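Work through the exercises below with the sequence and the model open. Try each task before reading its solution.

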Amino acid sequence: MQNFEIETSRGYDAVVVGAGLAGIYALYKLRQQGLKVKVLEAGSGIGGTWFHNRYPGARCDIESLDYSYSFDNDLQQEWKWTERYASQPEILRYVNHVADRFELREHIQLDTKVVSAVFAEDDNAWTLTTDSGQVYQAKYAVMATGVLSVPQVPSTTGLEDFTGEWYHSGDWPNDGVDVRGKRVGVIGTGSSGTQMIPLLAEQADELIVFQRTANFCMPAQNRPMDPDVEQEWKATYPERRQFARQSGFGHNQVANPKSGKDVTAEERQAEFENRWQLGGLYMMRAFKDILTDKDVNNEASEYVRSKIRSIVADPKTAEELSPREMPLGTKRLCSGTGYYETFNRENVTLVDVKESPIERVIPTGVRTSTADYDLDVLCFATGFDAMTGALNRLNPVGRDGRELRDYWAAGPRTYLGLTVNGFPNMFIIAGPGSPSVFSNMVTSIEQHVEWIADAIEYLESNGLTSIEADFEAEAGWIEHVNEVANGTLYRDFKATWFYGANVPGKPVVFMPYLGGVGNYWNRITRIAQEGYEGFLLGGRRPAESISNSSSAGI
Ligand code: NAP
């Protein structure tokens, strides 16, 4: 890719909001193209998700060799992951290593929350203001604000009077929490809850788990990195990265191409057992129709329930832990270590808060409709205002004073998950309308950053001033995102953060794109190669802009 210079009197060519895996790569990539870039990060360290989610047991559910950057071969060859699935501290070390290795740190400003982002038509620039009153101007605004970055603490009354300590999984103290000798409560049994519960149970005196909806939790089958596996991966990284980019979910987990209906009941059971042994999200690749065929999914669900019954000694507890409400995988599958086994411990109690709802937090603990539970520490593993939370809070103001929060009032509107009509030169990384949370995030981040970098190069080398989504193209894309989701079992279970249903008042709209990472990547690449159909370039349609530019000899 050629280097080029942007003619600008502004301080920066691009400002990136957020220094997680997305912001770090955006900084690297855009700087490589010769842009002057600043990254503004609210946290006191880099790493985004992996900086804030420090709860005990926090670990990625994509294999570490896959969940890593591919953009630099020396990096992927030299970095040594110690476990099959990397823990939060290891991923955070990795992110910091990348920042140091590529000398990125000096371009990142920490402890800096962006409180407003406003587009000025006359200047064709974004003005970003921080919580300390600093003002940054740039032609391009890149939103790397994360999709699971706004913790959702339920508006449970009485929390302010609680005399113990309380924490949210997504905002865990940097120095950790010492629960030894304490009575600890956990509200929430999603991915975060199921990861922290076994470790808290080992450390605390007593652990009370408040479960509203039972979730499917696969054994991660985590283990120390096998040197042979590592060597094999490193020898085949180019092919593996390419495979991930063209795959359904952006990683190397091998999917069974067969339909569950085309094999015998015995073969289905054998495949479920195989997937259970492979661990974690592998179960979702057991059959190609596990997420589209109710019968296949029912059988897989029952298989996992039978595993729960075989692990949990008390039949009543086993039944309470057995999900009945949703098809397997329509609520994000959890991947944990020793989760169900934990409920065989004497110091662990499961409280069904669907049956006996939490009424309030009291000074000494939690009150449900049937009992009071004394607690020293209360942990909220209650999830996030996902996909749109961070951007809606920042509420960028685009062309003609259009506010993103208003524009997204009925649900997020993007074209290809990358840009929004009325918000010129604002790019979103791994946001709503893209594979995002339905993929290995690092693969999706790299795809988006590379697409954005190419788009900027295209604008600059064609003398174009701006890019934004065309309104009609955006509407068509949202329709397509919904259509794809409606062709799956996700249509049958909407009480999830995929639909925004976990946040009171949020519109219930399916937000990520389920069409597959490879298909999506091919589509956005083709659109770019063919002159950005569906985008408004420089305020005009691409065909006009380019032919006018060339006839004017610019
Ligand atoms: P989550 O999946 O949204 O789970 C939140 C849990 O809190 C649910 O069990 C929910 O119950 C419960 N809850 C919420 N409000 C409640 C209330 N008022 N009373 C009682 N229970 C309440 O959140 P998460 O576990 O933080 O995970 C979010 C996403 O982050 C995951 O789906 C995953 O994509 C990602 N993540 C990944 C990993 C990993 O890689 N291993 C780890 C952590 C997180 P209901 O189901 O009844 O609403």
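**Exercise 1.** Find how many salt bridges the rule gives across the interface of domain 1 and domain 2.

*Solution.* Start with the bounds: an automatic or database domain assignment gives domain 1 (12-150 + 386-551) and domain 2 (159-380). Next, apply the rule: a side-chain nitrogen of Lys or Arg within 4 Å of a carboxyl oxygen of Asp or Glu. It finds five salt bridges across this interface. As a check on the distance, take R245 and E450: they form a salt bridge, with the closest N and O atoms 3.0 Å apart.

This is a predicted model, where local features need pLDDT of at least 70, side-chain atom pairs count only at pLDDT 80 or more, and totals for chains, interfaces and linings use all residues. Residues are numbered from 1 along each chain as its sequence is written, and side-chain values use heavy atoms, leaving out hydrogens and water.

**Exercise 2.** Work out how many residues of each domain are in contact.

*Solution.* Contact means heavy atoms within 4.5 Å. By that cut-off, 51 residues of domain 1 touch 53 residues of domain 2. Now sort the side of domain 1 that touches domain 2: 19 nonpolar (Ala, Val, Leu, Ile, Met, Phe, Trp, Tyr, Cys and Pro), 12 charged (Asp, Glu, Lys and Arg) and 20 polar (the others, Gly among them).

**Exercise 3.** List the contacts of S70.

*Solution.* Leave aside the neighbours within four places in sequence. S70 is then in contact with Q76, R241, R245 and E446.
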